[in-house]
Amino acid sequence: LVDGKNCLLLSDGESCTGEIAEKLRFLMDFPGTARAIGSAGREFAREHFSWEKSAKGLKAFYAAILAGK
């Protein structure tokens, strides 16, 4: 993930409500940028996450458990 390109990342911390509000204001102020980030984020998700990949990972996880690893 790349902050500002395909997502808006938040800093670590217990309370980031002010930061969330700031990011939401940014998205409302720049709707074209919001659409571009959303589209890029959607594409990232399509490329990196799928049911097939999840199933393969789960299968490997269970195989390792059964093999005693």
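C7 is buried in this predicted model. Its relative accessibility is 12%. A search of the whole structure returned zero disulfides. C7 takes part in none, and the nearest cysteine sulfur, that of C16, lies 14 Å away. C16 is likewise in no disulfide; for C16, the nearest cysteine sulfur is that of C7, at 14 Å. A disulfide requires two cysteine sulfur atoms within 2.5 Å, so a separation of 14 Å rules out a C7–C16 pair.

N6 sits in the segment before α1, the helix of residues 17–29. N6 has a relative accessible area of 12% and therefore counts as buried, the cut-off being under 20%. The side chain of N6 reaches the backbone nitrogen of V2 at 2.8 Å. Beyond residues up to four places away in sequence, N6 touches L1, I37, A40, G41 and F44.

Helix α2 comprises 18 residues, 31–48. At 1.5 Å a residue, α2 should span 26 Å. Its end C-alpha atoms are 25 Å apart, in agreement with that expectation. The buried residues of α2 are I37, G41 and F44. These residues cover an arc of only 60 degrees around the axis, so they lie on the same side of α2. An α-helix has 3.6 residues a turn, so residues three or four places apart point the same way. I37, G41 and F44 are also among the residues that N6 touches. The face of α2 turned away from the buried side carries R35 and R46, which are exposed.

Technical notes
Residues numbered from 1 in each chain as written. Predicted model: local features only at pLDDT ≥ 70, side-chain atom pairs only at ≥ 80, totals over all residues. Heavy atoms only, no water. Buried < 20%, exposed > 50% of the residue type's maximum accessible area, 1.4 Å probe, protein only. Helix = DSSP H or I, 4+ residues; strand = E, 2+ residues; numbered from the N terminus. Polar contact = N/O pair within 3.5 Å; in protein donor to acceptor, adjacent residues only side chain to side chain. Contact = heavy atoms within 4.5 Å. Expected span 1.5 Å × (residues − 1). Arc of directions from axis to C-beta.
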